[in-house]
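Reader: I would like a close look at a single part of this model, the place where its chains meet. Please take me through it slowly, with the cut-offs stated as you go.

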Amino acid sequence: MAAKKMFGAADASILVTDLRRSFDDGVTRGYEWRVTQLKKLLIICDNHEPEIVAALRDDLGKPELESSVYEVSLLRNSIKLALKQLKNWMAPEKAKTSLTTFPASAEIVSEPLGVVLVISAWNYPFLLSIDPVIGAISAGNAVVLKPSELAPASSALLAKLMEQYLDSSAVRVVEGAVTETTALLEQKWDKIFYTGSSKIGHVIMAAAAKHLTPVVLELGGKSPVVVDSDTDLKVTVRRIIAGKWGCNNGQACISPDYILTTKEYAPKVIDAMKKELETFYGKNPMESKDMSRIVNSTHFDRLSKMLDEKEVSDKIVYGGEKDRENLKIAPTILLDVPLDSLIMSEEIFGPLLPILTLNNLEESFDVIRSRPKPLAAYLFTHNKKLKERFAATVSAGGIVVNDIAVHLALHTLPFGGVGESGMGAYHGKFSFDAFSHKKAVLYRSLFGDSAVRYPPYSRGKLRLLKALVDSNIFDIFKVLLGLS
Amino acid sequence: MEGMKETVEESLREMRETFASGRTRSLKWRKAQIGAIYEMVKDNEDKICSALFQDLGKHSTEAFRDELGVVLRSATVAINSLDKWAVPKHSNLPLLFYPAKGKVISEPYGTVLVLSSWNFPISLSLDPLIGAIAAGNTVLLKSSELSPNASAFLAKTIPAYLDTKAIKVIEGGPDVATILLQHQWDKIFFTGSPKIGRIIMAAAAQHLTPVTLELGGKCPTIVDHHTISKNIKSVVKRIAGGKWGSCSGQACISVDYVLIEKSYASSLIDMLKPTIKSFFGENPKESGCLSRIATKQHVQRLSRLLNDPRVQASIVYGGSIDEEKLYVEPTILLDPPLDSEIMNEEIFGPILPIITVRDIQESIGIIKTKPKPLAIYAFTNDENLKTRILSETSSGSVTFNDVMIQYMCDALPFGGVGESGIGRYHGKYSFDCFSHEKAIMEGSLGMDLDARYPPWNNFKLTFIRLAFREAYFKLILLMLGLKR
């Protein structure tokens, strides 16, 4: 097997130069090219699903249903939506002109940014690679994708399939780790789209700042779930379980990280969870094939350390089994761990679920507000007032009431973070917009000019301007444009 | 500086506390604050004009047209539109999710920082301030030390009109900015040069703070003599107004240089000369209608640009400089070398290079060799040329047959791309600029589908696959047991 050539600064520079030439030549601008590329991506989803499922099983032990539904189906839908809507998205948007700019017409034209970089993550390696690429291509950009090296089978498959099907003069995949990413980040990109941890998010934005490159950062955080006693407990618990252990075994950016409920209600919640967990995963969850494993030993050790911490290990009320060789940790519930424990200080990203109890549900607002803004915040309740307050006052990327994670699949809602959980958004048209520059265009007429616009300025002109302001703010501009 | 550090920390603490109290969420509060800005400007017109005259020698008519009038209008629009802007946007969700509901609400980021500039020190401070307040944030404004009188006015008068616990002003230069940038802000809005823009973004990266950077560039003006010769008088006046009529060329959207076919260059110059005289008389220095250059350093910079012997040789009008009086004469250059410094940095002064081309179509090629500017101006009636300009160049905005006026059209986003900036504002875009678009999804606890939950089996996989494809008929067949 040939040794892999190291991708360094020179390679990155040549890569960007090549892609820029393609972009400048207009390769990516036309509607036809974009549609062709999107259709090729659809073919990848349609013809290569078994290989994708196999790669995900290799990398993550991901169950077939999760791979098929949360990666391939979501992508298929995303591509189909783009194909259906692209003409609309590409069309200029008429802007309202008012008396201030009459006679004129104005529009906003979407244009591609140029050559963009998409850096993907390991937990949903296909979804988080191709979904942003769909946005980049729809918007008419040339794009380089760097998949995560922590999901090597997926990364290799992505590189192979994209090279096989897509136009390599404008779409490329660069595999690698820190060295390659660093080399890429030194180049000047027209946009960088990054999915990953907040820690690396800082690094990405700092690199982007050198070139004034705009960024979308899809990061993470501790997404809280507030459970009110006025809810349907069985449905609530099933949805939490499906959203946590049913989505890559808790290793997802919008995973329910911890639960907040009242001291009174907590025992009921725990009992219901235990019951449903057994229904879903059987009496021996370590044997269940319906959950992903932990991605690698580094993350296993990280999670292990959280569980083993003093004052945490004795708070386990369910699960806690670990198997390092097979990279498995059982679905684990903890009750009232200390707020300054490791497990409550960083995003868990694993199958551990702390439950924190409060005297009353009101306190949950303060708990959430005292922490960095998460990507998602969840609430289960029938109480309308509580729903309204929650939606209005809890700041998070997105809020979901009475469900978990599904908002990811909704192309009509922007998906992104705020504060530590990120900046920018995508999905649906928001993806197209994320990779576009919205250029303002004003068409003016050559006749009609008022002396008031130009020097020499006189007190008379000033008086005229002021008088107009006092009467009607809009008339001032009519005068300036020679219409009165 | 220790005192300044403490002032900043105390200010931040108070603003965060005010934001947490919820006071700025009320639309009534926001309108009252913006109304107070309106009153402040109206009550203090003379003081403001006097400050601008002292800082920049700005004539009161120019001051009103470019600064006070802009702020008054911006405030009026915000007050009249805020109710509309703050309405949540409802999203249609796919049938699969029925009866779930989705919407997007705009929520304030929190405590934001506005860093203003010296050339339009009133409007570039108050216009972003209006946006920040409209969106419900608490805000700290740092005005520019290079316009000390305007800065002092703002520092003294804003506290007299606005809620001092929520809106603060700090005066000072780079050392104060450095202190401010060490802290975590929820958003930073900066107007200034690309060089400083990079520093701002790098500082923001430390805290994952989203930024809007309103920067600059060389705004080219294409004059397609063929197709506009009938209206050449208007064209010349507009170009002259766009170069010398607004802060003596020291505006981010000033006409930087002109592109015209060689055979028409001299007639253009012959028309510009008397136009300049009609604006400023025989002695522009004494006209009172031409703004001054900001500081001696800025005069020296412009002087240096002119001192290049090849550039000296290209002067066809003007050229005189009086450093003491901060005066640079309206100057026209004919074909300075394209590799001279003056043709490779934003001029930001009253010097107008005229670059000749054989065919006006070549101007597009020249524009593309330079970083993307904030605006491109083109005087033409040739539809083909218009299309080429729109599709082959990239800039914040394009205005046909006028200059500068796009600034007043608040249905158009105002912002740059590439080196000319990130983000945009004006009108509703100001509100959006300072808001986080939070997605809210509400599911129903009533309808629950078993297929959503483990343990997985083929039935569930097929069900979900069909659901995602929105193949509802097939889904019903499946549920009725009529599909395998």
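How many residues does the contact take from chain B and from chain A?

Author: This is a predicted model, in which local features need pLDDT of at least 70 and side-chain atom pairs count only at pLDDT 80 or more, while totals for chains, interfaces and linings use all residues. Residues are numbered from 1 along each chain as its sequence is written, chains are lettered from A and ligands numbered from 1 in the order in which they are written, and side-chain values use heavy atoms, with hydrogens and water left out.

The contact (heavy atoms within 4.5 Å) takes 106 residues from chain B and 109 residues from chain A. Between chain B and chain A an area of about 9000 Å² is buried, with 63% of it given by carbon and sulfur atoms; buried area here is the accessible area, with a 1.4 Å probe, that two parts lose on being put together, summed over both. Within chain B, the residues that lose the most area to chain A are Leu208(B), Leu445(B) and Phe468(B), which together make up 10% of what that side buries.

On the side of chain B that touches chain A, the largest share, eight residues, comes from helix 8 (residues 194-206) of chain B, where helices (H or I, at least four residues) and strands (E, at least two) are DSSP runs, numbered from the N terminus. The residues of that side of chain B divide into 50 nonpolar, 29 polar and 27 charged; Ala, Val, Leu, Ile, Met, Phe, Trp, Tyr, Cys and Pro count as nonpolar, Asp, Glu, Lys and Arg as charged, and the others, Gly among them, as polar.

The chains are also joined through strands, which pair if DSSP finds at least two bridges between them. Strand 16 (residues 398-401) of chain A and strand 18 (residues 435-442) of chain B run parallel and are joined by four bridges, and Val401(A) has Glu442(B), in strand 18 of chain B, as its bridge partner.
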